[in-house]
Amino acid sequence: MQRTLKKYFIPHAENNYHPHILHTKRTIFYSLVFLSSKLIIVLFALALPVAVFTSPDILPQEAKKVALLTNELRSQKNIALLNSDSKLSVAAAAKAADMIQKSYFSHTSPSGETVADFVRKIGYRYIVVGENLAIGYATAEELVSAWEKSPTHMANLVDRDYIDLGVSLEAGDYNGRASIFAVQHFAEPVNLSTTEIAKPAAKSTSTLAVVSGTENNSSPNSQINSAQNTSVVLSEKINTPVLANGTLMGRPFWENPVQKYQRAKGVSSVNSIFGLSRNIFLLAIIFFSLALALSILIEFKKQHPHVIAQTTGLVGLLVVLFLV
């Protein structure tokens, strides 16, 4: 056994200072095996159905990230951070579910309901309320980045009037395609002192901000009564879910196979497969690096340069496969 191990791993006179484990044919075989295994993993990731990327264990995590990224943005601009509010999150989830059920994507539902109606239904009493919508963004980073690039959505993200925040990401079909509906609700809640101070006022005005292309016009809407009969000024800060070029703020989950593969690595239900493959590549890197070191350090003057070169190439390939 000892002699066999020496023949395969230690350069010496009996193996002509050429460890059998590093023979050219074997090195080529190892390379093909590792490349094939990586190819299988890539094809597996590309074959994953959209449903895997919208599983219930992923979307709540991304919703929490949206809230964190929103507060990071506000912190960078020295604006007070928003409190995550469970009622607003319920309202956001209800809005997303309504869009999915009724097949629309707008701040106003087919029955005429706006963010104010969804927020009132869950018993949240507000002074000012706002809403951001998006569709098709599977990660929090891309979603918040898209909102930042839209002036009206960005205005909601950094509005100093808001105190509370609720976020919901829900999976559903839109125009026959599986997608993710993102809803972000902002609000300033009513408190007793505010209610008492504003008591003389009987009605309030709702202002609807509409964005079409690059225009941004705000005009007062008809007067509405507060659902809770509170004597405070209510305001809706809403913007049409469009980009500057007039297209819907939404797109496919990925634009190319590389992007889909990268997103697949973050899916918890299949993450163990990627983790196992990385561990295998890491062990192979360590193994062949040690074999290379033995080949270089033992009887260096009698080494075969091509053995060192091809083993170095194999280790380099393994490093690439590990990182990709």
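**View 1. Strand E3 and its cover.** Strand E3 is mostly covered, with eight of its eleven residues buried, where buried means under 20% relative accessible area, exposed means over 50% and partly exposed lies in between, for a 1.4 Å probe and protein chains only. Strands are DSSP runs of E with at least two residues, helices are runs of H or I with at least four, and both are numbered from the N terminus. The model is a predicted one, in which local features need pLDDT of at least 70 and side-chain atom pairs count only at pLDDT 80 or more, whereas totals for chains, interfaces and linings use all residues. Residues are numbered from 1 along each chain as its sequence is written, and side-chain values use heavy atoms, with hydrogens and water left out.

**View 2. The strands that pair with E3.** Strand E3 covers residues 164-174 and pairs with E4 in the antiparallel sense over eleven bridges; two strands are said to pair if DSSP finds at least two bridges between them. Within this pairing, Ser168 stands opposite Val183 in E4. The two strands E3 and E4 form a hairpin with two residues between them, and Asn175 in the turn has a positive phi of about 55°. Strand E1 (residues 83-84) is joined to E3 by two bridges, and these strands run parallel, with Leu165 in E3 as the bridge partner of Ser84. In a regular strand the side chains alternate between the two faces of the sheet.

**View 3. Strand E4 beside strand E2.** Strand E4 (residues 177-189) also pairs with strand E2 (residues 126-135), in the antiparallel sense and over nine bridges. One of the positions to look for is Val129, whose bridge partner in E4 is Ala187.

**View 4. The largest nonpolar core.** A nonpolar core is a set of buried Ala, Val, Leu, Ile, Met, Phe, Trp, Tyr and Cys residues joined through side-chain atoms within 4.5 Å. The largest such core has 26 residues, of which Val66, Leu143, Trp147, Leu157, Val167 and Leu169 touch the most other members. At least two residues of this core come from each of helix H4 (59-76), E2, helix H7 (140-149), helix H8 (151-157), E3 and E4. Leaving aside residues up to four places away in sequence, Val167 touches Ala63, Val66, Ala67, Ser89, Ala92, Val183 and Gln184, a contact being heavy atoms within 4.5 Å.

**View 5. Asn71 in helix H4.** Asn71 has its place in helix H4 and counts as buried because its relative accessibility is 14%. Beyond residues up to four places away in sequence, Asn71 touches Leu81 and Leu82.

**View 6. Ala284 in helix H11.** Ala284 is found in helix H11, which spans residues 271-297, and it counts as buried at 8% relative accessibility. Not counting residues up to four places away in sequence, Ala284 touches Phe34 and Leu318. From C-alpha to C-alpha, Ala284 and Leu314 are 9.6 Å apart in space, although 30 residues separate them in sequence.

**View 7. Helix H2 against helix H12.** Helix H2 and helix H12 (residues 305-323) pack at an angle of about 10°, with their axes 10 Å apart. Axes here are lines fitted to C-alpha atoms, for helices over the stretch in contact, and angles run from 0 to 180 degrees between N-to-C directions. That angle makes H2 roughly parallel to H12, since angles under 35 degrees count as roughly parallel, over 145 as roughly antiparallel, 65 to 115 as roughly perpendicular and the rest as oblique. The contact is made by Thr24, Thr27, Tyr30, Ser31, Phe34, Leu35 and Lys38 of H2, together with His306, Gln310, Leu314, Leu317, Leu318 and Leu321 of H12.

**View 8. Helix H2 against helix H10.** Helix H2 (residues 24-46) packs with helix H10 (residues 257-264) at an angle of about 95°, and their axes are 9 Å apart. H2 and H10 are therefore roughly perpendicular to each other. In this contact, Lys38, Val42, Ala45 and Leu46 of H2 meet Pro257, Lys260, Tyr261 and Ala264 of H10.
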